[in-house]
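Hi,

Here is the structure I said I would pass on. Have a look at it first, and my notes follow below.

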Amino acid sequence: MPRDASELSRRLARHAEAVCRHYLSNGRRRGRYWTVGDVRNAPGRSMFVRLSGPESGPGAAGHWTDAASAEYGDLLDVIRESCGLVDFRDVADEARRFLSLPLAEPGRSSKPVRIPVPAGSPEAAQRLFAMSQPICRTLVETYLRNRGIRNLRDAGSLRFHPRCYYRPEGDGPTETWPAMVAAVTDLEGRITGAHRTWLARDGSGKARVDTPRRAMGGLLGHAVRFGAADNVLAVGEGIETMLSLHCALPAMPMAAALSANHLAALVLPPALRRLYIARDADAAGDTALAALIERAEAAGIEALALSPRMGDFNEDLRAFGVSALRRTLRIQLMPQD
């Protein structure tokens, strides 16, 4: 078994950047390293993975270190932690699937024992996100492109689950639908909750169910994040709204609070100096805007509203296109942004 692990680790190291792009999608390449928040794929820069080097020993390709936690390991550890796996057999099978190798024959290896967690808890949200897959070439990508959203850079907080459980209100039977799963994180990148958008089976839109959007876990104060905030941040309610803004302003970090009430209560980064608030054109949006502006200004943060021409910025994107959306936003931004 150790020889099997060593061989799998060496094979993964030959494709270190591809492994990182797949399992550590919240990171990016910086020179000879892949940097990300941690081995569980949180946004950030404290963990770095060597993308080249010898097959084994000091400086080997695929070896990684997290400067914040002092953790270290190889690409098998990346697969284990990012996918939420426990038993080595499952880690090895996932590595073989990635490498297009035959799976191991069934043997005496024990299956992982999952400790039950409360439904709707942060732990359940973390497991759901870990069980989902990156969105590249999935129905999530199809769905977002049908909404006019074509810039999916920094979208590592989104994943795809092909058969996500949907429980109707009342006594209806549980169904399975494809779903877009979004990680809700705190300012340190810890997953506190998840948001599910159930999709039509061809990705053409949302699933035809009574409530195609639901959240679970701890949401208050947290958000679905696109890019790492520094001193400037744009925030709003919906995922599609903020991804639409991201198409027009790709360099600006974004955060989706998922509802007007949660937008008003969003915890703001301590280093933030300027906050753009994408308002939805309705009464709830106006109330959230006023509350967040008041909180931001009390903290010494300059707060500015971004207003759509229609109901929200995704409607603007689909109606007028990304160039027109960018022109609309340019006159609402500070010159340095």
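The largest nonpolar core has 36 residues, and Leu-144, Leu-158, Phe-226 and Ile-239 have the most contacts inside it. A core here is a set of buried Ala, Val, Leu, Ile, Met, Phe, Trp, Tyr and Cys residues joined through side-chain atoms within 4.5 Å, with buried meaning under 20% relative accessible area (1.4 Å probe, protein chains only). Helix H7 (residues 239-248) gives the most to this core, six residues; helices are DSSP runs of H or I with at least four residues, strands are runs of E with at least two, and both are numbered from the N terminus. There is also a second, separate core of 24 residues, with Val-19 and Leu-51 among them.

Before you go further: this is a predicted model, where local features need pLDDT of at least 70 and side-chain atom pairs count only at pLDDT 80 or more, while totals for chains, interfaces and linings use all residues. Numbering starts from 1 along each chain as its sequence is written, and side-chain values use heavy atoms, without hydrogens and water.

Back to Leu-144: beyond its neighbours within four places in sequence, its contacts (heavy atoms within 4.5 Å) include Ile-149, Leu-158, Met-180 and Leu-243.

Then there's the sheet. Five strands form an open one in the order S6-S7-S8-S9-S10, with antiparallel pairing (two strands pair if DSSP finds at least two bridges between them). S6 (133-134) and S10 (213-217) stand at the edges with a single partner strand each, so one side of each has no neighbour in the sheet. Two bridges join S6 to S7 (residues 158-166), and Pro-134 stands opposite Arg-159 in S7.

Cheers

Terms used. Buried < 20%, exposed > 50% of the residue type's maximum accessible area, 1.4 Å probe, protein only.
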